[in-house]
Structures are given as C-alpha cells and as structure tokens.
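Here is a short briefing on one protein chain. Keep the sequence and the 3D view open as you read.

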Amino acid sequence: MASSGSDEPPASETEPEIPGAECSIYEEVIWLDKTEQNQRLAVEELIKTEASYVHTIQLCVSDIRAHLQQKQLPDLDLEGLFSNIDDVLHVSRRFLKRLEAAVSHTEQLNQISALFQEFKEKMESVYKVYCASYEQALLLVESYRKDPRLQQEILDTLNTMVPHTGASDLSFFLVMPVQRVTKYALLLQKILENTSPSDGAYPALQSATNAMLEVSANINEYKRRKEVAFKYNKAEQLTLRERLARLNTHSIAKKTTRLSRLFMHEAGIVPKTEDKEYDDLEEKFQCLASGVTMLKENMGSYLNNLAVFLISKPHECELEIEEGAVQQYRRLAGNLHLTIFPEFRRRLNRVVYQPLCSLTDALKGPQQLIKKRLDKLLDYEEIQERKSETGSVTYDEEAAMNTYLAINALLMSELPRFNQVALQLLGQILNSLVALQREWAKKVLEETTRELAQLPHSHLPLPTFWKMVEDTLRQSGTQLHAFCQKFETVMPSPLVQSLSPAEERRVLSLVSKHSPDKLYQVISNISGSKDLDLTLQRGQIVALLHGMDTKGNTNRWLVDAGGPRGYVPAGKLQPYHLDQSQKPRMQMLAPDDRAERRRHSYTFPEAPRPPVPIVTPASQVVAGFSFAARSPQEVSLQAGQPVAVLEPHDKKGSKDWSLVEVNGQRGYVPSSYLVMVPPWEPLGWSLPAWSPPTQQT
C-alpha cells in the first residue's frame with residue numbers, strides 16, 4: 001500500500017498540459033465568435049440606420065413640407081427644395097420592408113446581397129435626380145436665410161413639427177438622402193470585412209458592394225453632366241453687353257475654328273462624326289418641338305379670335321322684328337355670349353394653352369444643349385485630329401473633350417425620356433382639346449335645340465320647312481327688287497353741269513381718239529407716287545387705254561389725260577357719260593358727291609358702274625329737310641317746301657350752297673337739302689305677310 005501510494009504522483013502533477021495545437025484552435029474559436037458578432041452588429045446597423053433614415057424622410061415629407069404648403073408662402077419654392085423626395089421615400093420604404101424580411105432568412109447575407117442588386121437601378125434613378133438638384137436646394141436655403149420673414153416661417157415649422165430633432169435649418173433634412181446613398185457601400189464593406197472569404201455569401205456581398213460603389217460613381221458622373229448642362233444653359237441668359245464683354249482673342253479664334261470646320265463638313269473636305277442613334281433622337285425632338293410651337297401659335301390665335309367674337313353683343317341690339325322671335329334670339333345669344341362661350345374660352349386657356357406654354361418653356365433647355373453639343377463636337381473633332389498628330393493634348397483641350405462627352409452622354413440618357421414624356425403630355429393636351437370641343441358643341445346644341453323647340457315651325461316636316469324658306473326668300477327678293485326700282489325713280493336726278501371751253505375741247509379730243517365708252521371721270525384728287533403715275537385733279541376727264549399695269553395688277557389702269565399718259569388707281573375713276581339730249585354743249589353726268597353726304601340716302605358701291613341714262617331735271621325742286629337760317633344771307637326751309645333755284649352755287653363758285661327763292665325771300669341754303677321730285681307721288685310698299693303653313697298629317 002505504501003509502495004503503491006509512493007508511486008502515484010501528486011495531484012497537481014497528474015493534470016495534463018494543453019498542447020500548442022489546442023491553444024490555436026481555442027484562439028480561432030474566440031476570433032470566429034468575435035467576427036460573427038461584428039458581422040451581426042454590422043447587419044443590425046444597416047437595418048437600424050435604414051429604419052431611422054426612412055422615418056426622418058417621412059417626417060420631412062408629411063410634416064415639414066406639408067406644413068409649409070399650408071402656409072402658402074409665394075416666395076417659397078417647395079419643389080426646388082425637396083425635388084423628388086417622394087420618389088426617394090417610396091423606394092426606401094420598399095427597400096426597408098424587404099431588408100427586414102431578409103434578416104429573418106437563414107441565408108440572410110445572400111438575401112441582403114441580392115436585395116441590393118435588385119434595387120440598384122431603382123436607387124440610382126431616384127437618387128441621381130435628387131443629388132443633382134441638391135446644390136440648387138442649398139442655394140435656395142441660403143437665399144431664405146437672408147429673408148427674415150421666410151427664415152422665421154421655416155424655423156417656426158421646424159420647432160412646431162419636429163422639435164425633438166433639434167434641427168435649426170432645412171439643410172439638416174435635405175442632406176440625408178445624399179449621405180445615405182453613399183453610405184450603403186460603406187455598410188456593405190463593413191459586413192464584408194467581417195465575413196470569411198470561405199463563406200458562401202462572400203462573393204455575393206462583394207458584388208453588392210461593387211454595385212453600390214458603381215451607383216455612387218454614376219450619381220457623381222450624372223451630377224457633373226448636369227452641372228455642365230446648367231453652366232451652358234445659364235450662359236445664354238447673358239445680356240448683349242455681357243456677351244460683348246466676353247469677346248477676346250481666344251473666343252474669336254475658337255469661334256473661327258468652329259466655323260471653318262463646319263464649312264469643311266459641308267464641303268466634304270473632312271468627314272462628320274456620325275452617330276445615328278443620336279441623330280434619330282434629335283430628329284424626333286425637333287419634330288416634337290416644331291409641332292408644339294405650331295399648336296401653341298394656333299391656340300393663341302384661336303383664343304384671340306374668341307375674345308374678338310365675344311366683344312360683339314348681338315343680344316343687346318334693338319331689332320325691328322316680331323317681339324316673340326326677338327326674345328328667343330336674345331335669350332339664346334345672351335346665354336351663349338355670357339355663359340357658354342366665356343366658360344369654354346377660360347377652360348381652353350387653363351387646360352390647353354397654359355400647358356402648351358409650359359411645354360414650350362421646357363423645350364428651351366434641351367434645344368440650347370443640342371446647340372452646345374454641336375459646338376463642342378466641332379471642338380472635339382479638332383482636338384482629336386491634333387491629338388492623332390502630336391500624340392498629346394493640353395489640360396484645357398482635355399477638359400473640352402470631357403465637356404463634349406458629358407453633354408453627349410447626358411443627351412443620350414435624358415433625351416429619350418424627355419421625348420417620351422413630352423409626347424405623352426402633348427397627347428393629353430390634344431385629348432383635353434377634343435374633349436372640350438365636344439363638351440362645348442354639346443352645350444351649344446342643347447341650348448339651341450331648347451330654343452328652336454319654341455319656334456312655330458319647329459314641328460314641321462323637313463320638306464315642308466325648306467319649301468316655306470324658299471317661298472319666303474323668293475317673295476322677299478321680289479319685293480326688294482320692286483322697292484329698289486321705285487326708290488331709284490323717286491331719287492333726285494343727277495345734276496348736270498356744263499364744261500368750260502377748254503375742258504370741252506379736251507373731251508372732244510379724247511372722243512376723237514377713243515370711243516365714248518372709254519371715258520372716265522376722276523372722283524377724287526390723285527397724287528402720283530410711283531414712276532409713270534399721273535397726278536390729276538377731281539373732275540378731270542380721262543380715257544382708258546388698258547385695264548391693268550405691266551405686272552398684271554388690275555387696280556392700276558393706264559389712261560390718257562388729253563396729253564400725258566400714265567397709271568392711276570382704278571378705284572378713283574367712274575364712267576363718264578355724255579348727255580345725248582344736250583350733246584352740242586357736251587354736258588356730262590357730274591359725280592353724285594352730294595348723295596354720299598345726304599342723310600338716309602341710298603348709295604351704291606364705288607366700283608365702276610354701268611351707264612345710267614340721263615333724266616332731264618323737270619317738275620320742281622323741293623326742300624328734302626328743314627333748314628334754319630343762321631345769318632341774313634341764308635333763308636329758312638321747311639321739309640317738302642317748293643323752292644326756286646336761282647344759282648346752283650355761291651359767290652365763290654362752291655356748289656355746296658345754292659341761291660334760292662322761297663315765298664319771295666332770297667338766300668343761300670345747303671345744296672344737299674334740295675331734291676328734285678317727279679310730278680307723281682311714290683307708291684308705298686310693305687313686307688310680305690306670311691303665316692306658317694298648316695302642318696300636314
């Protein structure tokens with residue numbers, strides 16, 4: 001027992017020692033636990049920060065922006081401040097929902113990686129628009145800081161709606177989408193660093209990280225392109241003085257180089273850079289732009305014509321027709337002019353014309369960028385040609401090449417979408433125009449039908465109605481013709497004045513050279529303003545040689561004025577007729593100028609009239625109107641009172657006054673107040689009396 005007990009080692013000496021291999025395994029287990037824990041923390045950070053981000057953007061949209069909209073501040077540009085933050089919020093909500101679902105999956109890393117790959121294009125499309133507008137939003141915020149009233153309104157909104165955030169400015173919220181899209185790659189990189197390369201999810205995480213890095217790079221490139229586009233669009237707003245101030249030797253040389261290269265393109269000396277895809281896009285854009293411009297001009301003319309049409313108010317005119325028909329007409333016209341037409345014009349302006357104006361303004365940016373692309377393309381070709389010769393380019397030349405590439409890439413990416421959206425908007429405008437026209441025509445038809453139903457002939461069969469119209473028009477035409485004949489009979493005969501001996505000799509000379517039907521009299525003074533034009537006095541007699549000038553203009557006639565020949569306006573000539581009964585004295589038919597001044601007179605058009613037979617003044621001369629003498633040299637008249645004409649002119653030879661004798665008194669009266677009447681009395685006339693025909697059954 002003693003020996004056996006002495007052979008056993010002490011307890012402390014019997015414990016086995018840990019070998020070196022077992023120590024390394026232990027440390028590896030500890031390292032794996034720590035890596036897995038860091039990986040789990042990185043995933044949790046991704047989810048928690050995404051949830052916090054979505055919550056903050058939701059506050060920005062539903063609380064801050066909505067509260068500012070309710071204030072209705074006219075100087076506050078909410079669209080410029082918040083850009084497309086609604087689209088950003090929509091994509092972020094969907095991404096967060098899918099992200100939370102992916103965490104509960106057994107292969108959460110693969111699910112997270114696939115989720116980023118799925119949302120890559122959506123994130124890039126919405127964030128690049130927001131990030132490109134972010135600089136302009138900051139400029140707006142800075143301008144609002146200088147306006148105490150607007151700044152106070154913004155601070156009141158922040159303190160009221162989101163006091164827990166402690167934000168003192170809108171920039172605190174506006175910068176969050178810009179920061180978030182750049183942080184996705186960092187968060188994925190952190191998860192990737194805590195994932196073993198042997199893990200099956202490592203390649204997927206690496207692809208997701210690269211994808212988000214690519215998104216950030218694309219957004220930065222898009223921002224650069226937008227900045228270039230904004231720069232050249234802004235330059236076009238310069239005044240003429242500012243443009244002239246920018247002219248220098250460098251700019252003149254650059255423009256000269258562009259012009260010479262453009263000439264070489266047109267002459268075929270150097271080849272053009274062909275880009276069929278871009279040419280097709282530009283052709284579609286230019287076709288769309290020309291169509292929008294033409295439609296806008298036509299709509300502007302249409303609205304102006306409607307405005308002119310609404311100026312007239314026929315329903316306010318006094319018409320001497322049957323009272324019942326007048327009331328119906330006034331009611332219909334008044335409703336159309338006061339309600340239907342103005343409402344149609346107002347809606348047409350708001351729904352069609354104003355959107356067309358906005359669309360035209362939106363076309364200016366791409367149009368300017370297309371012009372700049374052509375200029376930069378000429379520079380690009382010149383630099384490329386120089387680079388192929390020398391093998392290198394300067395820093396400025398490299399920047400010019402990059403500018404062209406940026407503008408070209410921006411147009412290639414944005415122009416298809418712009419064409420599509422503009423075409424859709426134009427289609428909606430045209431649909432609105434058609435709908436308004438249909439609605440307007442329907443209202444007019446309903447209103448007209450309601451009024452027509454109250455007319456006496458509204459229930460007549462169509463053949464009976466048309467026969468009634470034809471009979472009424474025929475009967476009215478016959479009575480009007482008879483009235484015109486009687487009216488010409490009772491009108492005073494044209495006065496006949498004698499010619500001076502010199503004028504008689506000139507007329508005889510013209511008659512000997514030309515036939516009497518070629519004679520015309522000048523009805524107003526003519527002042528020649530062109531070569532070969534004549535200057536003639538009112539009352540001169542001329543002979544027609546040709547009814548047009550050498551260019552075929554029938555408004556200028558070639559005449560013989562009894563010596564000089566030349567052109568005169570045809571509208572200032574009227575046929576001259578010899579009085580056959582007084583031919584030895586060569587009396588002529590004087591122009592009836594006083595008939596134009598006579599009130600309520602029946603006048604004919606000023607066009608050349610057919611020969612009118614001369615009626616020798618007979619019977620008696622009476623006063624056509626009452627006249628009150630205003631001086632001892634004048635005599636008073638009563639309408640219808642017979643007078644004796646002593647001299648058809650005054651002492652100065654003016655035919656506007658005539659010396660007459662009335663009831664033994666002599667004095668002057670206006671010649672236009674005197675008329676010659678035949679011995680018979682004119683018969684009366686009346687409109688045809690018509691009653692609706694009996695409806696046939």
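Where is the place of arginine 65? Arginine 65 sits in helix α3. The model is a predicted one. The protein chain has 19 helices and twelve strands.

**The chain as a whole**

- The protein chain has 697 residues, and 33% of them are buried.
- Take the contacts in the protein chain with a separation of 6 or more: residues 24 or more positions apart account for 68% of them.
- How many disulfides does the structure hold? The number is zero.
- A disulfide is a covalent bond between the sulfur atoms of two cysteines.

- Arginine 65 belongs to helix α3, which spans residues 20-71.
- Is arginine 65 buried or exposed? Its relative accessible area is 14%, so arginine 65 counts as buried. The cut-off for buried is under 20%.
- Leaving aside residues up to four places away in sequence, arginine 65 touches Cys60, Leu78, Phe82, Ile85 and Asp86.
- Cysteine 60, one of those contacts, has 1% relative accessibility and is therefore buried.
- Ile85, another of those contacts, is also among the α5 residues that meet α7.

**Two loop residues with positive phi**

- Glutamine 72 lies in the loop between α3 (20-71) and α4 (78-82).
- Phi of glutamine 72 is near 55°, a positive value in a residue other than glycine.
- Glutamine 72 has 65% relative accessibility, so it counts as exposed. The cut-off for exposed is over 50%.
- Serine 83 lies in the loop between α4 and α5.
- Phi of serine 83 is near 50°, which is positive, and serine 83 is not a glycine.
- How accessible is serine 83? Its relative accessibility is 23%, so serine 83 counts as partly exposed.

**Helix α5 against α7**

- Helix α5 covers residues 85-103, and helix α7 covers residues 120-145.
- Their axes come within 9 Å and cross at roughly 150°.
- Angles over 145 degrees count as roughly antiparallel. α5 and α7 are therefore roughly antiparallel to each other.
- The crossing of α5 past α7 is left-handed.
- Which residues of α5 meet α7? They are Ile85, Asp87, Val88, Val91, Ser92, Arg94 and Phe95.
- On the α7 side, the residues are Lys122, Met123, Val126, Tyr127 and Tyr130.
- Sorted by class, the contact of α5 with α7 has eight nonpolar, one polar and three charged residues.

**Helix α5 against α6**

- Helix α6 covers residues 108-118.
- α5 and α6 pack at an angle of about 160°, and their axes are 8 Å apart.
- α5 and α6 are therefore roughly antiparallel to each other.
- The crossing of α5 past α6 is right-handed.
- From α5, the residues in this contact are Phe95, Arg98, Leu99, Ala102 and Val103.
- From α6, they are Gln108, Gln111, Ile112, Leu115, Phe116 and Glu118.
- The contact of α5 with α6 divides into seven nonpolar, two polar and two charged residues.
- Find Phe95 in the view: this α5 residue meets α7, and Phe95 also meets α6.

**Helix α14 against α16**

- Helix α14 covers residues 276-311, and helix α16 covers residues 395-452.
- The two helices pack at an angle of about 30°, with axes 10 Å apart.
- Are α14 and α16 roughly parallel or roughly antiparallel? The angle makes α14 roughly parallel to α16. Angles under 35 degrees count as roughly parallel.
- α14 and α16 make a left-handed crossing.
- By class, their contact has 19 nonpolar, three polar and three charged residues.

- Glutamine 574 lies in strand β6, which covers residues 573-575.
- Glutamine 574 has a relative accessible area of 11%, so it is buried.
- Glutamine 574 and glutamine 521 are 53 residues apart in sequence. In space, they are 5.5 Å apart, C-alpha to C-alpha.
- Cysteine 357 has 16% relative accessibility, so it counts as buried.

Note on methods:
Residues numbered from 1 in each chain as written. Predicted model: local features only at pLDDT ≥ 70, side-chain atom pairs only at ≥ 80, totals over all residues. Heavy atoms only, no water. Axes fitted to C-alpha atoms, helices over the stretch in contact; angles between N-to-C directions. Helix = DSSP H or I, 4+ residues; strand = E, 2+ residues; numbered from the N terminus. Parallel < 35°, antiparallel > 145°, perpendicular 65-115°, else oblique. Left-handed = near helix turned anticlockwise from the far one by under 90°. Contact = heavy atoms within 4.5 Å. Nonpolar A, V, L, I, M, F, W, Y, C, P; charged D, E, K, R; others polar. Disulfide = S-S within 2.5 Å. Buried < 20%, exposed > 50% of the residue type's maximum accessible area, 1.4 Å probe, protein only.
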